[in-house]
Amino acid sequence: MTASTPDLKAFLLATPFFGGLTDASLDLLVSMLVECSFDAGATVVAEGEPGRSMFIVKSGRLVVSKRAHSGSVIPISVLGPGDFFGEMTLIEMQNRSATVVAESPTVLYELTAPKLYACYKADIHAYVIILQNINRELCRRLRRSDDRFTGYLSGDDG
């Protein structure tokens, strides 16, 4: 890891994924993260491929997209520092649901399914908090999606 541990811990605690963890639990999870760098234009994950990890964005900008039935690529969202993605594959154990491409040079922290399971075995309390944090974020995303969908159906683009 290139960031000092106190700086890294402060950054992680400010993200929705790590909020509410004790210092000891955070230390455990920091030890499980792997830092990954991607150049602009690099595909981080591709829709349909098997996935066994999730990512927390340290720096950079990423675009999330899905392929429509017609074959066109539809942008879904933009991610930046503090956001996370890939968690769905850890929960439902299905292939990647979207493609994520680095729009600028990007640094991510990767947490694999085996490491998350090791967290479960070592610190069940931290594991439960992480799952609650993931669920909260998934609920936020679903609400935003619902709002966009109903706005689209009602003709309200604002």
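Analyst: Let's start where β3 and β6 meet: these strands run antiparallel and are joined by 2 bridges. Within that pairing, Ile-56 stands opposite Phe-84 of β6. Strands here, like helices, are DSSP runs numbered from the N terminus, with at least two residues (E) for a strand and at least four (H or I) for a helix. Two strands count as paired if DSSP finds at least two bridges between them. Strands of a sheet pair through backbone hydrogen bonds, either parallel or antiparallel.

Before going further, please note that this is a predicted model, in which local features need pLDDT of at least 70 and side-chain atom pairs count only at pLDDT 80 or more, while totals for chains, interfaces and linings use all residues. Residues are numbered from 1 along each chain as its sequence is written, and side-chain values use heavy atoms, with hydrogens and water left out.

Now back to β3, which spans residues 53-59. This strand is mostly covered, with 5 of its 7 residues buried; buried means under 20% relative accessible area, exposed means over 50%, and partly exposed lies in between, using a 1.4 Å probe and protein chains only. β3 also pairs with β8 (residues 106-112), again antiparallel, through 6 bridges. Ser-59 has Val-107 of β8 as its bridge partner.

Put together, these pairings belong to an open sheet of 4 strands, ordered β1-β8-β3-β6 with antiparallel pairing. Its edges are β1 (34-38) and β6; each has a single partner strand, so one side of each is left without a neighbour in the sheet. Helix α1 (residues 5-13) packs on this sheet, where it touches β3 and β8, and its direction makes about 110° with that of β3. Contact here means heavy atoms within 4.5 Å; axes are lines fitted to C-alpha atoms, for helices over the stretch in contact, and angles run from 0 to 180 degrees between N-to-C directions. Pro-6 is found in α1 and is exposed, with a relative accessible area of 58%.

β2 pairs with β7 (residues 99-102) in the antiparallel sense over 2 bridges, and Val-45 has Val-100 of β7 as its bridge partner. β4 and β7 are joined over 4 bridges, also antiparallel, with Val-63 standing opposite Val-101 of β7.

Which elements each supply at least two residues of the lining of the largest pocket? They are β4 (62-67), β5 (73-79), β6 (84-85), α3 (87-92) and α5 (124-154), and that brings back β6, the strand paired with β3. A pocket is an open set of points on a 1 Å grid over the protein atoms alone, where a 1.4 Å probe fits, with protein on both sides within 12 Å along at least five of seven lines; lining residues have an atom within 4 Å of a point. Grid points are joined across faces, edges and corners, and a volume is the space filled by probe spheres set on the points. α5 gives the largest share of the lining, 7 residues. By class, the lining has 14 nonpolar, 7 polar and 10 charged residues; Ala, Val, Leu, Ile, Met, Phe, Trp, Tyr, Cys and Pro count as nonpolar, Asp, Glu, Lys and Arg as charged, and the others, Gly among them, as polar.

Finally, the second largest pocket has a volume of about 190 Å³. Its lining includes Arg-52, Leu-90 and Tyr-127, and divides into 9 nonpolar, no polar and 1 charged residue. Here α4 supplies the largest share, 4 residues. Lys-121 is also found in helix α4, and this residue is exposed, with a relative accessible area of 60%.
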